[in-house]
Amino acid sequence: MENSITTGQKNTATFIHLSVFTQFIFPLGNFIAPLLIWAALKRDSIFVDNHGRRALNFQMSTFVYAIGIVLISIPFIIYQIINIVDTQGYFDLDTQFDHFVLPNAAASGLIITALVFGLLLLALFVVTLFSVISAAMSASNGEDYKYPLTINFLKPRSVSTVDSASDSSTEVS
């Protein structure tokens, strides 16, 4: 990393991480806002560039994981619906929930399946929330932060690659 990280660079990196919360204001804000800030200011500092890359990598990774959870849940839900149709000859959840306390056995599997995959998505959301806050705190302190469970779509730059790119002479190794 650079020897001197300015307060402006720390603030920019922090804002990149916190800008993912714009997803609650407009759709895909967790991709668009950090991308715009990072694209505009990545040339100013390796610190800002790496934090922007890591923030975008994490958002893309969590998107892939969420899509994966949903795609994996679809066959399980279809299987549960087929079980309900097999037991009563048609699909009607109204009759499955006639009992106030417990639904019929066929609908219980559907409820459990939905709860399990819903809890997985909730756990992913909680990990995302805490990771983004931790990354913002690290950026404000001038430290690097590596998000958990991240796929590196955009490789973070190292100081050696920046130094060798700025040299006028090239070495062949």
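Is Phe125 buried, partly exposed or exposed? At 38% relative accessibility, Phe125 is partly exposed; buried means under 20% relative accessible area, exposed over 50%, and partly exposed in between (1.4 Å probe, protein chains only).

A word on the background: this is a predicted model, where local features need pLDDT of at least 70, side-chain atom pairs count only at pLDDT 80 or more, and totals for chains, interfaces and linings use all residues. Residues are numbered from 1 along each chain as its sequence is written, and side-chain values use heavy atoms, with hydrogens and water left out.

Rings of Phe, Tyr and Trp (its six-membered ring) pair if their centres lie within 6.5 Å; planes under 30 degrees apart count as stacked, over 60 as edge-to-face and the rest as tilted.

| Pair | Centre to centre | Angle between planes | Type |
|---|---|---|---|
| Phe24 and Phe125 | 6.2 Å | 80° | edge-to-face |
| Phe76 and Phe117 | 5.5 Å | 40° | tilted |

Phe76 lies in helix H3 (residues 46-88) and Phe117 in helix H5, so this pair ties together parts 41 residues apart in sequence. Helices (H or I, at least four residues) are DSSP runs, numbered from the N terminus. Phe76 is partly exposed at 43% relative accessible area, whereas Phe117 is buried at 14%.

Back to Phe24: this residue is exposed, with a relative accessible area of 54%. Ring pairs also join Phe21, Phe24 and Phe125 into a cluster.

Note on methods
Helices (H or I, at least four residues) and strands (E, at least two) are DSSP runs, numbered from the N terminus.
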